[in-house]
There are 2 protein chains.
Amino acid sequence: MDVRVTRSPAMTDVARLAGVSHQTVSRVLNDHPNVREQTRLRVRAAIAELGYRPNRAARALVTGKSQLIGVVAQNSTLYGPASLLAAFEQAAAEAGFAVSVGSVGRLDRESIAGAVERHLDQRVAGLVVIAPVASADDALEDMPAGVPLVTIDGDPRRAHALVIVDQAAGARLATERLLAAGHRTVWHVSGPADWYDAAGRIEGWRAALEDAGAEVPPLVPGDWSAASGYDAGQMLARMPEVTAVFTANDHQALGLLRAFSERGRKVPEDVSVVGFDDVPEAAFFIPPLTTVRPAFGAVAHAGLDLLLAQITAETTTPERVVIAPTLVDRASVAPPA
Amino acid sequence: MDVRVTRSPAMTDVARLAGVSHQTVSRVLNDHPNVREQTRLRVRAAIAELGYRPNRAARALVTGKSQLIGVVAQNSTLYGPASLLAAFEQAAAEAGFAVSVGSVGRLDRESIAGAVERHLDQRVAGLVVIAPVASADDALEDMPAGVPLVTIDGDPRRAHALVIVDQAAGARLATERLLAAGHRTVWHVSGPADWYDAAGRIEGWRAALEDAGAEVPPLVPGDWSAASGYDAGQMLARMPEVTAVFTANDHQALGLLRAFSERGRKVPEDVSVVGFDDVPEAAFFIPPLTTVRPAFGAVAHAGLDLLLAQITAETTTPERVVIAPTLVDRASVAPPA
DNA sequence: CGATGCATTGTTAGCGATAACAAGATCGGC
DNA sequence: GCCGATCTTGTTATCGCTAACAATGCATCG
């Protein structure tokens with residue numbers, strides 16, 4: 001029975017061809033030191049000849065760990081999370097890890113817990129949770145210990161390893177830029193109240209104002225959408241005293257710009273605007289938007305480094321990395337009339 | 001030695017507690033018909049009591065298949081691919097599959113092949129490749145047979161199962177909308193020439209023009225970026241005869257709008273613009289953008305359905321699904337002056 | 001020159017599940 | 001009441017790999 005089913009070759013096939021035991025093949029694959037150079041080459045040749053590729057499932061079964069990193073994120077096309085995810089995948093691939101994405105519809109405790117459990121089933125080597133709201137963080141309370149975990153944009157007060165963008169510093173940058181241009185005060189259209197990102201930006205904005213001895217105007221609440229920026233703009237455009245606005249993200253700024261445009265308030269002549277995120281299109285808003293750029297790539301890399309440190313070194317030292325944003329000057333800021 | 005290491009319970013633990021063999025537990029888990037109701041309940045209770053969750057790696061090892069679907073996509077924050085990915089994850093999760101993302105930096109043959117191989121290592125149950133350019137498609141030529149595969153946005157002429165958005169129909173919609181408003185002809189700022197999406201939109205635009213007996217103006221080439229739209233706008237704004245422009249995506253339209261605004265060409269009074277994609281912000285451009293909406297959710301669902309059909313039914317009938325886009329009317333189109 | 005130790009390789013035993021087969025229990029038909 | 005068919009359950013082998021230990025060879029040292 002010469003069945004010519006091209007079953008993909010296993011380790012024993014390689015071993016037979018190379019004239020060694022399967023264990024030696026395993027050693028070559030895992031870069032064990034004690035293998036004679038000549039043997040190593042012979043095994044490598046056999047691997048190449050057969051086109052052998054190790055079976056991850058078998059390895060995962062015996063080691064209890066996979067080369068898989070789970071990422072839990074909200075299923076959204078928000079620019080921030082999407083960029084983060086893309087950057088993270090890239091970084092993980094470079095480190096030889098595959099990324100399994102468990103997107104959740106909402107960031108409530110139950111959804112997050114479910115996504116986490118699904119990943120645990122797969123014996124992921126580590127877990128990254130993008131947890132920008134308190135409810136997401138809560139879900140991680142009763143995580144089984146021993147699973148490497150990094151949260152991104154999580155609660156700074158928790159003990160996990162985490163990576164955060166210094167939202168307050170970014171907001172301060174934006175606010176101070178407007179103050180420096182000569183504005184008496186700066187209004188703020190915020191993100192959803194339960195997001196840490198939004199809270200941090202509010203905090204930085206308020207602190208910058210207070211430090212400068214400027215009046216703190218009432219907060220204009222919004223969500224992250226352009227629509228909420230538009231609504232805010234409809235209101236702010238009616239108040240002649242408003243000469244400077246800092247929005248919690250660029251899309252809100254876009255909505256705001258449109259509302260101002262409709263009501264004849266010229267940007268930056270009548271009112272200056274600063275956004276947050278530096279989406280690729282921000283340079284093409286009317287006018288080009290001055291904004292704050294959080295380094296998503298840096299966040300992703302830092303997150304991966306922290307995770308890999310936990311995975312390899314077994315240290316669960318809850319380290320944290322804070323990424324400082326930078327200000328990108330464009331044309332939406334000018335001195336008040 | 002009562003080591004209280006909370007090793008996660010295995011099937012034998014459940015079996016012992018329920019007083020049955022591990023095989024019976026396996027049967028309960030896999031919904032085999034021949035298990036007495038009473039036994040089934042006892043096993044279920046034991047599973048619940050121990051918080052048992054099956055080991056995917058072990059199952060994958062013995063069956064040769066995992067509950068993992070691999071998605072190969074370009075690592076990008078382009079709105080289209082990102083939306084597609086998000087929608088797909090959602091759909092897969094509902095069907096009980098995890099999604100492993102293999103993002104590639106570039107869509108060349110080598111990158112794609114590498115990502116595909118990495119997924120094959122993991123014994124994915126199926127593979128979805130978002131292959132909007134020819135080089136990506138080429139890489140799939142020498143795929144090992146027997147792996148369920150669906151391409152999205154791939155070459156319509158290939159024999160794979162695939163899901164495509166009818167780009168030509170969308171472009172036709174846009175072009176005809178402009179023609180119907182009374183414009184003599186419509187200019188087109190295209191996407192990168194090697195993308196099928198871009199090619200399809202060009203084709204639809206040209207066909208609509210020819211069908212209407214309108215002159216076909218020279219094509220203005222671009223990539224997907226807002227910058228390329230801006231550059232195109234700088235040029236088009238200088239030509240008084242240009243009264244209607246169809247851009248290959250919304251971000252290009254944004255750049256175009258800014259260029260027109262800078263040069264004092266009013267939209268839609270002087271020139272009408274239609275985009276493609278319906279990004280969430282399109283309603284807040286100045287003016288709100290009339291655009292074409294491809295149903296990303298529908299694409300993702302169709303792709304998953306096709307894949308699941310192949311996975312379960314073993315049929316490798318190369319089916320194909322074509323999703324028709326719709327036109328979203330806003331305020332960037334008006335009759336010519 | 002035999003003992004000692006390290007480098008190298010092989011042997012054996014699982015990891016936790018499913019598949020294939022075997023065996024006991026139950027049931028209907030004559 | 002006996003026989004074969006069917007339902008239910010258990011036993012054993014196996015997937016492809018790594019861990020632990022055993023065995024071999026060779027150099028070093030007193």
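Author: One definition comes first: Ala, Val, Leu, Ile, Met, Phe, Trp, Tyr, Cys and Pro count as nonpolar, Asp, Glu, Lys and Arg as charged, and the others, Gly among them, as polar. This is a predicted model, in which local features need pLDDT of at least 70, side-chain atom pairs count only at pLDDT 80 or more, and totals for chains, interfaces and linings use all residues. Residues are numbered from 1 along each chain as its sequence is written, chains are lettered from A and ligands numbered from 1 in the order in which they are written, and side-chain values use heavy atoms, with hydrogens and water left out.

Reader: How many nonpolar, polar and charged residues does the surface near DNA strand C have?
Author: There are 12 nonpolar, 12 polar and 3 charged residues. A residue is near the strand if one of its heavy atoms lies within 4 Å of it.

Reader: Which residues are the closest to DNA strand C?
Author: They are Arg27(A), Thr39(A), Met11(B), Ser26(B) and Tyr52(B). Of the atoms of DNA strand C within 4 Å of the protein, sugar and phosphate account for 56%.

Reader: What lies 2.4 Å from a phosphate oxygen of DNA strand C?
Author: A polar side-chain atom of Ser26(B) does.

Reader: Turning to domains, how far apart are the C-alpha centres of domain 1 and domain 3 of chain A?
Author: These centres lie 61 Å apart. Domain 1 covers 11-54 and domain 3 covers 167-294, with bounds from an automatic or database domain assignment.

Terms used: Polar contact = N/O pair within 3.5 Å; in protein donor to acceptor, adjacent residues only side chain to side chain.
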